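Subject: Structure for you to look at, with notes

Dear colleague,

Please find below the structure that I promised to hand over, and keep it open while you read the notes that follow.

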Amino acid sequence: MKSKPLQAAGEQGISWFRFTLIVGIAGLLGGAVALAMVALMLWLCQRCWVVDDAESHGISEVQSSRLGGVAVFLGAIAFFVVTEWAAVSTNVSLSTFTGSGEGLPVYMYYALLIALVGLWDDFVARFQPISRLALVLAISMFAFLSDAVPMTASAYHWLPLGLNNDFALVTAGTLIVTGFVNAGNMADGANGLLGIVGISFLSVLMTYDSASFASVCIMAMLIFLVINVATGRIFLGDFGAYGLSAIIAFGSLQLYASGSVSVWFLGSLLAYPCIEMLRVIVVRAFRGDSPFQASNDHLHNYLYELLRKRGWNRIVANSTTGCFLGTVSALLPASLALLGEVDIASTNFWGGYFAIYAVLHLTVVLQLERVLHEK
């Protein structure tokens with residue numbers, strides 16, 4: 001059966017001006033590979049398979065492709081291949097940018113396995129939440145048992161003696177990865193939000209942990225963001241959200257194990273998905289609702305709803321919501337660290353920063369709930 005364009009009633013296609021702007025920005029950022037990614041994602045936006053129903057995120061009003069993560073994955077591979085070819089052809093070492101001569105961190109393979117769990121859910125769409133959770137838990141635990149990310153006891157010297165042992169650390173690591181995978185997936189509905197969080201973290205990881213593989217991931221994510229923010233017609237989907245979130249979670253624990261970063265800096269960098277997931281779990285527990293079911297009771301849903309009630313266009317409202325929350329929650333602390341304004345090992349500063357952000361986050365949620373209920 002021939003695929004039909006993904007268009008809601010009355011929804012117009014991408015204007016020539018917006019198309020030209022997208023192509024121009026993408027071409028400047030990543031050249032031919034970026035243009036190929038744009039073509040792929042625009043093509044995916046026009047397919048009627050592997051899509052979200054309108055309003056499934058509570059933040060959009062048009063069917064959208066769930067295969068943005070696939071485009072990012074293929075784009076990252078293409079960026080790597082092209083830069084490696086350029087390095088060989090010009091006899092110029094590009095290892096700083098491509099990771100030439102380096103193997104991928106072992107945890108990347110486990111992140112891919114977790115991403116495949118999400119891909120299965122993208123295509124089948126009947127994967128029960130408990131089944132997904134069990135698979136992600138199992139993969140995460142095996143990653144730690146195989147020492148893909150060493151849970152070095154010396155890095156957790158601040159834990160009470162009874163908890164600073166291999167069993168407790170492996171269990172904690174497994175729960176952290178599984179929890180963050182679900183937290184990241186929660187944030188995927190807001191245009192730009194998870195992408196900005198991912199780019200912010202990967203930039204820090206590349207700088208402080210010499211994870212040069214992150215550069216091609218950043219390039220692919222930037223091109224995805226151009227389409228995601230400009231059109232709202234493609235999301236990372238479970239494959240992309242699970243995979244990116246797993247990389248962030250494993251990478252955070254790897255970075256912390258190096259002893260050069262404060263746990264409060266990581267908390268500040270990843271504050272939005274972490275705090276929002278914990279908040280929603282607590283709220284649902286008091287209401288007697290399941291914490292595993294999708295719902296529209298997140299901060300990004302509330303902010304989007306407020307902007308829509310004030311007459312904002314759906315794409316502008318969604319993209320403003322995602323980019324604003326991603327910038328203040330992740331890009332700001334990442335910039336402070338990358339510009340050398342604050343040491344990432346400063347426990348006092350980042351502990352205070354995280355506390356202030358948490359208070360502001362919860363206050364804004366309460367205020368938005370009050371305003372929306374009054375309306």
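Helices here are DSSP runs of H or I with at least four residues, strands are runs of E with at least two, and both are numbered from the N terminus. The model is a predicted one, in which local features need pLDDT of at least 70 and side-chain atom pairs count only at pLDDT 80 or more, while totals for chains, interfaces and linings use all residues. Residues are numbered from 1 along each chain as its sequence is written, and side-chain values use heavy atoms, with hydrogens and water left out.

I begin with the surface. A nonpolar patch of about 650 Å² is formed by Phe73, Leu74, Ile77, Phe80, Val81, Leu112, Leu113 and Leu116. Such patches are made of residues with over 30% relative accessible area and no salt bridge, where nonpolar side chains (Val, Leu, Ile, Met, Phe, Trp, Tyr) are joined within 5 Å and like charges within 9 Å; the areas themselves come from the Shrake-Rupley method with a 1.4 Å probe, and for residues only the protein chains shown count as cover. Helices α2 (68-90) and α4 (107-124) each supply at least two residues of this patch, and the largest share, five residues, comes from α2. Leu113, which lies in helix α4, counts as partly exposed because its relative accessibility is 42% (buried means under 20% relative accessible area, exposed over 50%, and partly exposed in between, with a 1.4 Å probe and protein chains only).

Next come the salt bridges, each defined as a side-chain nitrogen of Lys or Arg within 4 Å of a carboxyl oxygen of Asp or Glu. By this rule there are six salt bridges. In one of them Arg132 pairs with Asp121, and their closest N and O atoms are 3.6 Å apart. Since Arg132 lies in helix α5 (residues 129-145) and Asp121 in helix α4, the pair ties together parts that are 11 residues apart in sequence. Arg132 is buried, with a relative accessible area of 14%, and Asp121 also counts as buried, at 8%.

Helix α11 deserves a separate look. Glu276 forms a salt bridge with Arg279, with 2.5 Å between the closest N and O atoms; being three residues apart in helix α11, Glu276 and Arg279 are separated by about one helical turn, and both are buried. The side chains of Arg284 and Asp297 also meet in a salt bridge, at 3.2 Å from N to O. Arg284 lies in helix α11 and Asp297 in the loop between α11 and α12 (299-309), so this pair ties together parts that are 13 residues apart in sequence. Arg284 is buried at 4% relative accessible area, and Asp297 is buried at 9%. Salt bridges that share partners also join Arg66, Asp122 and Asp238 into one network.

Cys274 lies in helix α11 (residues 271-287) too, and counts as partly exposed because its relative accessibility is 29%. The C-alpha atoms of Cys274 and Ala183 are separated by 6.2 Å, although these residues are 91 residues apart along the chain.

Finally, is Ser64 buried or exposed? Ser64 counts as buried, at 1% relative accessibility, and is found in strand β2 (residues 64-65). The side chain of Ser64 reaches the backbone oxygen of Gly232 at 3.1 Å.

With kind regards

Conventions:
A polar contact is a pair of N or O atoms within 3.5 Å; within protein, one must be able to donate a hydrogen and the other to accept it, and residues adjacent in sequence count only if both atoms are side-chain atoms.
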